[in-house]
Amino acid sequence: MIRLESRNSSSHWLAVLAPVAAALFAMLLAAIPLMAAGQNPITAYGLMFKGAFGGMFAFTETLTRATPLILTGLAAAVAFRAKLWNIGLEGQFYLGAVGAVIVGSGSIDAPAAVLIPMTMAGGALFGALAMLGPAWLKTRYQTDEVVTTLLLNFVILLLVQMLLEGALKDPMALGWPQSAPIVDNALLPALSAKYRLHTGLYIALCASLLVFALMRYTTFGFALRAVGENPSAARHAGISVSAATLGAAALSGALAGLAGVGEVAGLKGYLTADISPGFGYAGIVVAMLAGLSPLGVVMAAVFVAAVFVGADSMSRALSVSSYLADLMVALALLCVLIGGFLMRFKVTWVSNSRRTSSTGAEV
Amino acid sequence: MSDHNKNNTSELPATKTQSTPPAEAPVLLELRNIGKRFGETIANECIDLTLRKGEVVALLGENGAGKTTLMSILFGHYVADQGSIHTADANGVLQPLPPGNPQAALAARIGMVHQHFTLAENLSGFENILLGSEKLWLPARGRAALRARVEAQMAESGLHVSLDERVSNLTVGERQRIEILKALAHNTQVLVLDEPTAVLTPQEAEGLYKTVALLASRGLAVIFISHKLHEVLAASHRIVVLRRGRLVGELTTANASKDQIAEMMVGHEVPRTERGEATVGEPVLQLLDVSLESSQQRQRLQHVTLTVRRGEVVGVAGVSGNGQAGLADLISGLALPSSGKLLIDGEEVQRTGPRHLMARGVARIPEDRHHQGVVASMNIRENLMIESLDDARFQRFGVIKAAASRSHAIEQIDAYDVRCEGPDAVVGQLSGGNMQKLILARALDQEPLLILASQPARGLDIGAQTDVYRRLLEARKRGAGVVLISEDLDELFTLSDRIVVLHDGELTEAGASDEIDRREVGLLMAGQGSNHQQSTQESAL
């Protein structure tokens, strides 16, 4: 029989080590399908590591991939801290990208120092608005935000497809469904001419520090955490649960929107309907891997990005499906969740031999 | 509940109707040298307890004294580190009870009624009694046989209750009778009642004592767990006191006095709480014909008029769920009256919001510490400032003044003697008493005009309870008005200058606490003082 006893406390070391252990364990589990595919897992992981960190190109590719993940990861972390289950990051990402296109594709003529912040603000605003709707419905009518935000993803993606065929369509794109390009003054500068890495990374890192400070040192962050941990006590103490929820929603949506801005104005230069390979959904995984810590999100985003970039490279070399990356990330998430459970509870096995079996055993 | 209201004893703990069982009655249960540790904490140590046929033993102790652990070991929910349990088999011979096996405990004919009822509300009383021990899908004949058995049990034990009514339609007292019948259903010889009176009116409790006496006289052995002294004196033959996991005393009830037992429980003499003279001033809280509509019974109020003045404690008695939640919400700023007026310090309250009322000098000690009082996963510093987030003491332009809030927390920890590791200790790790001290520190910090204290000492040990009482009375002396919502008559009579009773959303003035007796309050609590005799039953429908 299995017994669970809750632990009184767990050390900070454990909190840092647990995700690392979980990631390693996930790699161990993912070795099983690798071996089934006839590959030596050590070779495969070696290639993956090389693909993600071996050399400047690989490393910058990983960081480029990590940039939107940091932002969507932060977006998820902020919302989840307030127990607002924002599953609509993907949609907010796309609306943020739409905002960037509307502001940054030539409608406004301004120098870069003005236009870049405006483009970012436009994207953030669109992302925030995309999340405020479901959050308002939650505070006003207690609708389940998991359902509304998740379904809104599909609505927004269809809306984006419609815009790309219509209002935002690039007349020069020879019929391809893509938006008019971002003007030069609105583009986020690249960090080096040789690589794709762009200033969006700095924005993401600053966002992580800002969110950390906001959560820890401001009354807004305090209210948000209190509402997330115990809404009835927060309400009783005079904290407006609705205001904190809406604030968390706006911030979360804005961060996801910024991720969309980064991809459009930093990387691609225009919007297509397949610009995100699921950055929104991966943001949820990143936030969970990071234990909802704003600084941890950076590490988790780099890990997830490395797995994807490395698996791509490894699959080309070994002809193993790159879906292995999805498998590994999913396994890592499961391992982290199980690890979190083990940190909260001590599991002990009580052997049945200590009990008499004559009176009927229960398991 | 009306049948046991008819006798006219004047003071409640006066039902010592039990005849002492013969000392050489056969032993039904023996706990030998039970010990159990949780990590460093000693939950039970060297506990010996013998229970004889026909005996009611009160197991008395403060919270955390080890009562529940001991009973959990008896029921096989925990395995003791040392010691053994022996129960009498069909021939009266003591047999060891296999540890860690709830099925074995049931087979050894031990029955338990938990503090929190474990009934399925959508089933009838009869089905609930069968639930867990018999199959619910029985052929009519088998069902009839079981029915006859349960009815015979009812007749024998005097526990009368409608078996076919859905549990959701039954009153609390009736539900408890179902629970007891359920515990008795498998030919039980040892019955454990865990804090059975917590939810009952005094009259219902009195009925329970009689039932227990009757069951004992029919040969049942009963363990009666409690931390209320007067009910222990009323209901038991023998008192066993636990303190910090050890058995510290065993007395015959007939020879015991309240003070003696209290001292045994706490380990030192308990200072009596003296209220002192009241200097009553201006009204600080006025409810003028206030009604509160709500879909929930526990919130609904009907035409309540109440005045609380400075320097007085007004006790609001009543069985939980009769509108206390509504009254607390109004005074906390979580709700506005649907009709009527609510005045604080002479000014009408026209909008909701706890901050708004706090700014007018209202402090709250919420009923449910864990749920409403604190954010358990946040630390002491944060919980002390949570009600004053806009306050310039703690923030500037929305940025928290960490140093100021920290030194404030250190001061408060010191002033209110909160036992903790420091301002960064997580509140969830504090004991109930220390948590309540923290809430008191927060509530009383700004010298409030009006204090709403809901069940302020519930679940606290005597030491912490005395501390809470002292703080409330100090506030009263300073000139604060106190609204004390409580189910505990001892507490109400100790602290209140005046007592009012809430029943079914209606408030009745009972009078000055020095001039009325418990019986009157008890009758009002049961809704019998005014002219709605059956309203408890009706309201449950």
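**Entry 1. The nonpolar cores**

I began with the largest nonpolar core, which has 196 residues. I noted the residues with the most contacts inside this core: Leu255(A), Val286(A), Ala301(A), Val304(A), Ile451(B) and Val483(B). I record here that the model is a predicted one.

Which helix gives the largest share of this core? I found that helix H12 of chain A, residues 294-318, supplies 14 residues, the largest share.

I then looked at the domains of chain B. Domain 3 (272-361 + 446-541) and domain 4 (375-445) of chain B both give residues to this core, so the core lies between them.

**Entry 2. Val483(B)**

I returned to Val483(B), one of the residues with the most contacts inside the largest core. Which residues does Val483(B) touch, not counting those up to four places away in sequence? I listed Leu285(B), Val308(B), Val314(B), Val316(B), Ile331(B), Leu452(B) and Ala453(B). Of these, Val314(B) is also the bridge partner of Val483(B), which belongs to strand S20(B).

**Entry 3. Strand S13 of chain B**

I checked which way the residues point. Val313(B), Gly315(B) and Ala317(B) point one way from S13(B), while Val314(B) and Val316(B) point the other way. I compared this with the general rule: in a regular strand the side chains alternate between the two faces of the sheet. On both sides of S13(B), the residues are buried.

I then looked up the pairing of S13(B). With strand S20 of chain B (residues 481-485), S13(B) pairs in the parallel sense over four bridges. Strand S21 of chain B, residues 498-503, is also joined to S13(B) by four bridges, and these two strands run parallel. Within S21(B), Val501(B) is the bridge partner of Ala317(B).

**Entry 4. Chain A as a whole**

Finally I turned to chain A, in which I counted 13 helices and two strands. Its radius of gyration is 23 Å, close to the 21 Å that the globule rule gives for 363 residues, so chain A is as compact as a globular protein of that length. The C-alpha trace of chain A spans about 85 × 60 × 35 Å along its principal axes.

How much of chain A is buried? I noted that buried residues make up 48% of its 363 residues. Among contacts in chain A with a separation of 6 or more, 77% join residues 24 or more positions apart.

Note on methods: Residues numbered from 1 in each chain as written. Chains lettered and ligands numbered in written order. Predicted model: local features only at pLDDT ≥ 70, side-chain atom pairs only at ≥ 80, totals over all residues. Buried ≥ 20, exposed ≤ 12 C-beta atoms within 10 Å, placed from the backbone. Pairing = 2+ DSSP bridges. Core = buried A, V, L, I, M, F, W, Y, C linked by C-beta atoms within 7 Å. Domains from an automatic or database assignment. Contact = placed C-beta atoms within 7 Å. Rg over C-alpha atoms; globule rule 2.2 N^0.38 Å.
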